[in-house]
Amino acid sequence: MRDINRQSGLRGLFRGHSATLLRIFPYASIKFLAYEQFRSMLIPSASYETPLRRLFSGASAGVTSVFITYPLEVIRVRLAFETKHESRPSSLKGICKTIYHEQPARVSTSAASTPLGAAVPAIPTPRTGIANFYRGFSSTLAGMLPYAGMSFLTHDTAGDWLRLPALAPYTTTPNPKNASAPPILKYWAELIAGGFAGL
């Protein structure tokens with residue numbers, strides 16, 4: 001932090017923050033919207049309610065939101081690690097142009113450049129353009145599948161515990177629109193459920 005403050009000032013501590021804000025709003029909104037849609041398809045009634053269906057609904061929602069907003073994450077990371085002394089442009093527009101036109105280094109495949117003159121198969125060079133905004137997506141996806149699934153599963157399970165008869169008088173309020181629907185958690189109980197989901 002001392003080095004960032006000395007080189008870039010206080011603004012350097014917030015570098016990439018605008019891209020973070022641009023990403024987090026659509027990411028969170030898409031994730032929760034997608035979860036409700038997947039949940040309604042996989043759990044159309046209480047008889048279908050199982051931990052596995054909850055897990056799959058959450059994982060599907062996480063993958064959907066990450067796929068749509070991943071380019072913003074790439075931009076955010078690039079802005080966060082850019083320093084004042086680098087020649088790359090620091091604006092969002094400039095960063096987008098730089099990423100879009102980047103080309104990976106080409107690996108020489110000539111036999112003379114390899115040990116013992118062994119033939120080396122040509123390695124295809126990734127294309128530039130939109131694909132550059134999805135570098136590292138597969139590893140992010142591998143982490144998001146269990147994370148989002150367990151997050152929503154934990155949230156819903158914690159909500160069920162907080163609606164148990166012994167706790168319901170303190171943690172819930174009646175549903176005014178549908179008396180047969182599960183009672184609504186009070187705001188602090190919902191915060192507890194969300195806190196457990198984030199652990």
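Predicted model: local features only at pLDDT ≥ 70, side-chain atom pairs only at ≥ 80, totals over all residues.
Biologist: Why is tyrosine 187 called exposed rather than buried?

Modeller: Tyrosine 187 has a relative accessibility of 67%. Exposed means over 50%, so tyrosine 187 counts as exposed. Its place is in helix H7.

Biologist: What makes Tyr187 part of a nonpolar patch on the surface?

Modeller: Tyr187 forms this patch together with Tyr170, Trp188, Leu191, Ile192, Phe196 and Leu199, and the accessible area of the group is about 890 Å². A patch residue must have over 30% relative accessible area, and tyrosine 187 has 67%. Helix H7, residues 187–197, gives the most to the patch, with five residues.

Biologist: Why is arginine 54 called buried?

Modeller: Buried means under 20% relative accessible area; arginine 54 is at 8% and therefore counts as buried. Arginine 54 is found in helix H3, residues 51–81. Beyond residues up to four places away in sequence, arginine 54 touches Tyr35, Arg39, Ile43, Glu49, Leu153, Asp156, Thr157 and Asp160.

Biologist: How do you know that aspartate 156 is buried?

Modeller: The relative accessible area of aspartate 156 is 12%. The cut-off is under 20%, so aspartate 156 is buried. This residue lies in helix H5, residues 137–162. Leaving aside residues up to four places away in sequence, aspartate 156 touches Tyr35, Arg39 and Arg54.

Biologist: What makes the link between the side chains of aspartate 156 and tyrosine 35 a polar contact?

Modeller: The contact joining these side chains is 2.2 Å.

Notes
Residues numbered from 1 in each chain as written. Heavy atoms only, no water. Patch = residues over 30% accessible without salt bridge, like charges linked within 9 Å, V, L, I, M, F, W, Y side chains within 5 Å. Areas by Shrake-Rupley, 256 points an atom, 1.4 Å probe, with all protein chains shown as cover. Salt bridge = Lys/Arg side-chain N within 4 Å of Asp/Glu carboxyl O. Helix = DSSP H or I, 4+ residues; strand = E, 2+ residues; numbered from the N terminus. Buried < 20%, exposed > 50% of the residue type's maximum accessible area, 1.4 Å probe, protein only. Contact = heavy atoms within 4.5 Å. Polar contact = N/O pair within 3.5 Å; in protein donor to acceptor, adjacent residues only side chain to side chain.
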